[in-house]
Amino acid sequence: MLYEMIAVVRVGNIAEVKEIAHKAGTLLLQNGGVIRSLTNWGPFLLTKPMRKHQQKHDSGHHFVLRFDASPEVQANVRKAIAIDPRMIRCGVVKMVGGDKLVGEHGIKGMSEIGAEGPVWRKGGKGMGYGVFGGR
């Protein structure tokens, strides 16, 4: 199955981010997984302040790891990464058509998603325009 893991690490030292990404990659490879891509998104403000490991965080360093693995291996990697005290948040999603290679089923890359920009609804009064045609 093809999975995508988005991880948020506390901001500070880029070596910590590399170490956590390396740990996730090593766990995947040791258990028969295949790494498809690793993308560094860099530091961003979080949508709301979060508490993790008795610390309050308002920003985090994001990275995305796409990989093929069995559901059991995916769960083990997620658990191992989530307990690290340097982690703020980690989420894993199963990609559509995960039984095929990335190029075969047309999943867009990170830079292609949202390249067209939002579609603004025509008409309306004042600033009440909805994004993507809805209200």
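**Figure 1. Overall fold of the predicted model.** The protein has three helices and four strands, where helices are DSSP runs of H or I with at least four residues and strands are DSSP runs of E with at least two, numbered from the N terminus. Read from the N terminus, the order of the elements is β-α-β-β-α-β-α. Of the 135 residues, 32% are buried; buried means under 20% relative accessible area, exposed over 50%, and partly exposed in between, with a 1.4 Å probe and protein chains only. This is a predicted model, in which local features need pLDDT of at least 70, side-chain atom pairs count only at pLDDT 80 or more, and totals for chains, interfaces and linings use all residues. Residues are numbered from 1 along each chain as its sequence is written, and side-chain values use heavy atoms, with hydrogens and water left out.

**Figure 2. The largest nonpolar core.** This core has 18 residues, and M5, L28, F63, F67, I81 and M87 touch the most other members. A nonpolar core is a set of buried Ala, Val, Leu, Ile, Met, Phe, Trp, Tyr and Cys residues joined through side-chain atoms within 4.5 Å. At least two residues each come from β1 (2-10), α1 (14-30), β3 (55-68), α2 (71-82) and β4 (87-94). Helix α1 gives the most, with five residues. Not counting residues up to four places away in sequence, M5 touches A24, F63, V64, L65, F67, C90, G91 and V92, a contact being heavy atoms within 4.5 Å.

**Figure 3. Pairing of β2 and β3.** Strand β2 (residues 34-52) runs antiparallel to β3, and 13 bridges join the two; strands pair if DSSP finds at least two bridges between them. L45 has S59 in β3 as its bridge partner. Two residues lie between the strands of this hairpin, in which H53 takes a positive phi near 55°.

**Figure 4. Salt bridges around R86.** The structure holds five salt bridges, each a side-chain nitrogen of Lys or Arg within 4 Å of a carboxyl oxygen of Asp or Glu. The side chains of E19 and R86 form one of them, at 3.3 Å from N to O. Because E19 lies in helix α1 and R86 in the loop between α2 and β4, this pair ties together parts that are 67 residues apart in sequence. R86 also forms a salt bridge with D84, the closest N and O atoms being 2.8 Å apart. Both D84 and R86 are buried. Salt bridges with shared partners join E19, D84 and R86 into one network. E19 is partly exposed, at 48% relative accessibility.
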